[in-house]
Amino acid sequence: MSSRHGSSPSREGNSQAARLERAFALLQRGRAAEAETIAREVARHHPGSGPAFHMLALCRKANGNLQGARQAFETALGHQQHPLVSAHGSLEGLDRLLAT
């Protein structure tokens with residue numbers, strides 16, 4: 001069912017996933033600044049999205065912003081459905097992840 005603005009929640013989710021995939025592709029090509037711009041925008045529009053904050057953290061780390069990366073990883077960890085939670089369970093190990 002469509003919202004009043006013509007987009008369904010599933011369509012928004014697909015758009016979010018596509019944009020995060022684009023950010024990841026850019027990050028892999030060494031275009032971390034462009035990837036961060038996309039990830040930041042997705043996270044701003046979807047503040048409950050663990051994957052958006054995870055991507056933002058990866059981009060910030062690649063750009064040398066370790067404090068910003070830590071903040072974004074902490075936000076991603078706050079979203080229980082995100083794989084970082086099962087991978088780390090808590091902030092334990094986060095410093096190790098940022099150091100690599």
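**Helix packing**

Analyst: H3 and H4 cross in a left-handed way, meaning the near helix is turned anticlockwise from the far one by less than a right angle. Helices here are DSSP runs of H or I, at least four residues, numbered from the N terminus. This is a predicted model: local features need pLDDT of at least 70, side-chain atom pairs count only at pLDDT 80 or more, and totals for chains, interfaces and linings use all residues. Residues are numbered from 1 along each chain as its sequence is written, and side-chain values use heavy atoms, with hydrogens and water left out.

User: Which residues of H4 are buried?

Analyst: Gly 68, Ala 69, Ala 72, Phe 73, Ala 76 and Leu 77. Buried means under 20% relative accessible area with a 1.4 Å probe, protein chains only.

User: Switching topic: is Leu 27 buried or exposed?

Analyst: Leu 27 counts as buried because its relative accessibility is 17%. Leu 27 sits in helix H1 (residues 9-28).

User: And what does Leu 27 touch, not counting residues up to four places away in sequence?

Analyst: Ala 32, Ala 35, Met 55, Leu 58, Cys 59 and Ala 62, with contact meaning heavy atoms within 4.5 Å. For Leu 58, 31 residues apart from Leu 27 along the chain, the C-alpha separation is 8.4 Å.

Definitions and conventions: Helices (H or I, at least four residues) and strands (E, at least two) are DSSP runs, numbered from the N terminus. Buried means under 20% relative accessible area, exposed over 50%, partly exposed in between (1.4 Å probe, protein chains only).
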